[in-house]
Amino acid sequence: MAQAEQALTDAEIVRLVVEGKTDAFETLVTRHQAQVFKIVGRHVPRAQVDEVAQDVFVRAFTSLATYSEQAPFHHWLASLAVRTCYGFWREAYRSRETPMSALSEEGQTWVEHVLTVQADRSFHQQAAAQEAQTVLHWALDQLSPENRTVLTLVYLEGLSIREAAALLNWSQVNVKVRAHRARLRLRTLLLGLVKERGSP
Amino acid sequence: MKPANPVRKEKIRKLFEHLQAAHRSQPEPDAGPGWRAGVMRAVSRSRPSDRPAAGSFPLDRLVWRTAMAASLVACLLVGYLLAQPESADLVASLLFDDPAETLVAVLSDL
């Protein structure tokens, strides 16, 4: 990374890249790769994070001319990262050949354990367990790409409807409706798990 | 579909909270060695799009922005015309005569 570029703002580097100084883009990659990995890591499987994060930066480069300096560059990039993850799931669902798998025995055991533990003492240990991730990914796999993305942003990440709408470049009404549907669908899935465990 | 049973509802809430915590406790991935170089190689193979530069005003946005104003004007015009005492004659004229000719005549009277 050139020493001179380090002192420049994101907007100034964007201008350099748009004017044809492609190498300056590396400074933007260095500055924002942690942010992009964080976003992508929360939306796609670990094995695909590197590839999707690369797609985010390639898309950023090819559409850099559309960046408006009215918003900070990292907001624009975050929106692009979320929409790239959404695109990843749309593509994955379109090319899905095998039917959606049932929840594994380990996942079902985890559900049973969570439901029987009375105190919240082991809450964090339970959450960090590999089985918890298995159940989480199983549940998300049952949702459409739209519902999956909105549920992840609004209910799992805790973003407001307005923030999620801005990231996805969708209307707030659309996000609100999607969030409601996704939550209902998830509740139905969890209800199925609870019933399977023979609860009253 | 709503769980009617409060015990079941409580269990779903508990499960959801655990899944929420599981999502937040996922380890943050890091870029591996050579990842950035890979990005730059991919970038050098691709070309920036020819879309308008930041600050310019694209045509499609202009069309969408004026569409709302045009719709509003059309609604106001229709409302005004229907409020006229001779609106029945006007509607008949629009339906059975040449609509363009009728509209031009009405607008020239405004």
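**A walk through a two-chain helical model**

Let's start with chain A, whose secondary structure comes to 11 helices and 0 strands. If you read along the sequence, the pattern is α-α-α-α-α-α-α-α-α-α-α. Keep in mind as you look around that this is a predicted model. Its overall scores are ipTM 0.79 and pTM 0.72.

How much of chain A is buried? Of its 200 residues, 36% are. Now think about which parts of the chain meet each other. Take the contacts in chain A between residues at least 6 apart in sequence: 65% of them join residues at least 24 apart.

Next, look inside. The largest nonpolar core has 61 residues, and the ones touching the most other members are A:Val40, A:Val56 and A:Ala81. Helix 5 of chain A provides the largest share of this core, with 10 residues. You can pick out A:Val40 and check its neighbours. Leaving aside residues up to four places away in sequence, A:Val40 touches A:Val49, A:Val52, A:Ala53, A:Val56, A:Ala81 and A:Cys85.

Stay with helix 5 of chain A for a moment. This helix covers residues 73–94, and it packs with helix 10 of chain A (residues 161–168) at an angle of about 80°, the two axes being 7 Å apart. Because an angle from 65 to 115 degrees counts as roughly perpendicular, helix 5 of chain A is described as roughly perpendicular to helix 10 of chain A. Which residues make the contact? On the helix 5 side of chain A they are A:Ala78, A:Ser79, A:Val82, A:Arg83 and A:Tyr86, while helix 10 of chain A brings A:Ala166, A:Leu167 and A:Leu168. Sorted by type, the residues of this contact are 6 nonpolar, 1 polar and 1 charged.

Is A:Ala7 buried or exposed? A:Ala7 has 8 other C-beta atoms within 10 Å, so it is exposed; the cut-off for that label is 12 or fewer.

Now over to chain B. This chain has 5 helices and 0 strands, giving the pattern α-α-α-α-α along the sequence. Buried residues make up 8% of its 110 residues.

How confident is the predictor here? Chain B averages a pLDDT of 78, and 83% of the residues score at least 70. Confidence in chain B is highest in helix 2 (residues 35–45), at a mean of 91, and lowest in helix 4 (residues 87–96), at 74. Then there are residues 50–56 of chain B, where pLDDT stays under 50; the model has 12 contacts for them beyond four places in sequence.

Finally, see how the two chains meet. The contact takes 50 residues from chain A and 38 residues from chain B. On the chain A side, helices 3 (25–43), 4 (49–62), 6 (105–116), 7 (123–128), 8 (130–141), 9 (145–156) and 11 (172–196) each supply at least two residues. Helix 3 of chain A gives the most, with 9 residues. By type, the side of chain A that touches chain B divides into 29 nonpolar, 14 polar and 7 charged residues.

Technical notes. Residues are numbered from 1 along each chain as its sequence is written. Chains are lettered from A and ligands numbered from 1 in the order in which they are written. This is a predicted model: local features need pLDDT of at least 70, side-chain atom pairs count only at pLDDT 80 or more; totals for chains, interfaces and linings use all residues. Axes are lines fitted to C-alpha atoms, for helices over the stretch in contact, and angles run from 0 to 180 degrees between N-to-C directions. Helices (H or I, at least four residues) and strands (E, at least two) are DSSP runs, numbered from the N terminus. Angles under 35 degrees count as roughly parallel, over 145 as roughly antiparallel, 65 to 115 as roughly perpendicular and the rest as oblique. Two residues are in contact if their C-beta atoms, placed from the backbone, lie within 7 Å. Ala, Val, Leu, Ile, Met, Phe, Trp, Tyr, Cys and Pro count as nonpolar, Asp, Glu, Lys and Arg as charged, and the others, Gly among them, as polar. A residue is buried if 20 or more other C-beta atoms lie within 10 Å of its own, exposed if 12 or fewer, and partly exposed in between; C-beta atoms are placed from the backbone. A nonpolar core is a set of buried Ala, Val, Leu, Ile, Met, Phe, Trp, Tyr and Cys residues joined through C-beta atoms within 7 Å. pLDDT is the predictor's confidence in each residue, from 0 to 100.
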